[in-house]
Amino acid sequence: MTVQELQKAFVDAYGKKEDAIYFSPGRVNLIGEHTDYNGGYVFPCALSFGTYLLIRKNGTKEVNFRSVNEPEVIKVSLDKITEPLAKGTWANYLMGVFTQFIKRGVEFKEGYDILIWGNVPLGAGLSSSAALEVVTAFALNDQMGTGYDRTELAKIGQKAEHEFAYVMCGIMDQFASAQGKKDHAIFLNCDTLEFELVPVKLNGIKVVISNTHSPHKLGDEYNDRVRECQLAVEQLRTVRPNLNNLAELTQAEFDEIKGAITDPIALKRARHVVGEVQRTVDAVKYLKAGDIETFGKLMNASHDSLRDDYEVTGKFLDTLAEEAWKIDGVIGSRMTGGGFGGCTVSLVKNEAIDTFKEKVGKAYKEKTGLEADFYIAEIGDGAKKI
Ligand code: GLA
């Protein structure tokens, strides 16, 4: 939908024009998967698609939530906004954000009419939920004049996800949505939240996102991975009492003390995290040096590790990645995001893109019965007022 169409939809829904429009993007992560909640590095970029939010003060004590994609209006009085609705209700993401503002001492005296619309494919692992949280945080920050910086808005979004969607996610998605910059990826230290914007203008190469159309639903399995990593840390503390995060360990240090992890699953998870942090640091170094081939090899190694040690890929993502690796002109390919379905990200030479789509699409259909979708990623800016 265009902005004009959204404005019309707002008037149709509420009978009046909006006060303001905000946008926040989805993201694709180039490398550094399942490292964020382990205090490691990630390397995501914001996409040009995301979630729009139109808002006006309505002079009542109620907030009306409408989505262009959903038929019903969800009406919540301000004194009930901190109480999550049934699990899975989309308005929970926004209510979770209101709640974080309230927890920080912000007092909402007046309600709002809100309309949202997004063009991030849902359940594709491209952070449609983070886009929704961050656009809400960005809008309320502007409406209430609270002056939180973008990093704080990302933290607000992450907390909303924890408390209202029950996914104990790391900070990557909300951070990318808040801090993204056109044609740059964000090299983020998830422990300190220090970050560097690294240009990803690739000569003759595109970032291609391939959607398995096997929807990923982050929930129990994701939270299991978080717990398994915590178990690894606890067991390592028997020999390293001060250890906070798996990402603090170099590969050599890990190899020396990994025997302390007696749980075989926790050991595999930890091995992925330690290796992935190193791969991410190396990948950024190679990208900066213009060695895109090595960057691509590290992407492939990341996928292998997510498949074998972290066990978050599955048949659909594996098929897309493995078929991509067979094509001449593919620099690298891996699953992106939480996993369990969703998307892969590939670096593909311009002249190979048509063959890539055709061959990978055909083989994927034959092997899984599903139709894949391919998008050329445009790396866009973070949250903004329109
Ligand atoms: C999901 C989470 C992120 C991150 C990724 C895996 O997208 O929301 O915090 O953990 O999975 O890297």
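1. Glu228 is part of helix 6 (residues 220–236); helices here are DSSP runs of H or I with at least four residues, strands are runs of E with at least two, and both are numbered from the N terminus. Glu228 counts as buried, at 17% relative accessibility; buried means under 20% relative accessible area, exposed over 50% and partly exposed in between, with a 1.4 Å probe and protein chains only. The side chain of Glu228 makes a polar contact of 2.7 Å with the side chain of Arg269. A polar contact is a pair of N or O atoms within 3.5 Å; within protein, one must be able to donate a hydrogen and the other to accept it, and residues adjacent in sequence count only if both atoms are side-chain atoms. Apart from neighbours within four places in sequence, Glu228 is in contact with Ile265, Ala266 and Arg269, where contact means heavy atoms within 4.5 Å.

2. A word on the source: this is a predicted model, in which local features need pLDDT of at least 70 and side-chain atom pairs count only at pLDDT 80 or more, while totals for chains, interfaces and linings use all residues. Residues are numbered from 1 along each chain as its sequence is written, and side-chain values use heavy atoms, with hydrogens and water left out.

3. Six strands form an open sheet with mixed pairing, in the order 5-4-6-3-1-13; two strands pair if DSSP finds at least two bridges between them. Strand 5 (74–77) and strand 13 (384–385) are at the edges, and each has a single partner strand, so one side of each is left without a neighbour in the sheet. Strand 13 pairs with strand 1 (residues 20–29) in the antiparallel sense over two bridges. Lys384 in strand 13 is the bridge partner of Phe23.

4. Within this sheet, strand 1 and strand 3 run antiparallel and are joined by nine bridges. Arg27 stands opposite Ala46 of strand 3. Strand 3 is also joined to strand 6, by seven bridges, and these two run antiparallel. Here Arg56 has Asp113 in strand 6 as its bridge partner. Strand 3 is mostly covered, with 12 of its 14 residues buried.

5. Which strands does helix 1 (residues 3–14) lie across? They are strand 1, strand 3 (44–57), strand 4 (62–67) and strand 6, and helix 1 runs at about 140° to strand 6. Axes are lines fitted to C-alpha atoms, for helices over the stretch in contact, and angles run from 0 to 180 degrees between N-to-C directions. Helix 2 (residues 91–103) lies across strand 3, strand 4, strand 5 and strand 6, running at about 145° to strand 4.

6. How many of the 13 residues of helix 2 are buried? The count is 10, so helix 2 is largely enclosed by the rest of the structure. Among them are Leu94, Met95, Val97, Phe98 and Phe101. The cover over the buried residues of helix 2 includes strand 3, strand 4, strand 5, strand 6, helix 3 and helix 4 (150–164).

7. Ser127 has a positive phi, near 70°. Ser127 sits in the loop between strand 6 (112–118) and helix 3 (128–144), and is buried with a relative accessible area of 8%. Leu193 has a positive phi near 65°. Leu193 is placed in the loop between strand 7 (184–189) and strand 8 (195–199); Leu193 is buried, at 18% relative accessible area.

8. A second open sheet has four strands in the order 10-11-9-12, with antiparallel pairing. Strand 10 (330–336) and strand 12 (373–376) are its edge strands, each pairing on one side only. Strand 9 (residues 205–211) pairs with strand 12 in the antiparallel sense over four bridges. Ser210 stands opposite Phe374 in strand 12. Helix 11 (residues 353–368) packs on this sheet and touches strand 9, strand 10, strand 11 (343–349) and strand 12, its direction making about 160° with that of strand 12.

9. Last, the ligand. Of the 13 residues around the ligand, Glu33, His34, Asp36, Asp173 and Tyr222 come nearest; a residue is near a molecule or strand if one of its heavy atoms lies within 4 Å of it. A backbone N or O atom of His34 is 2.7 Å from an oxygen atom of the ligand. For Gly170, a backbone N or O atom lies 2.9 Å from a ligand oxygen atom. In Tyr222, an N or O atom of the side chain is 2.6 Å from an oxygen atom of the ligand.
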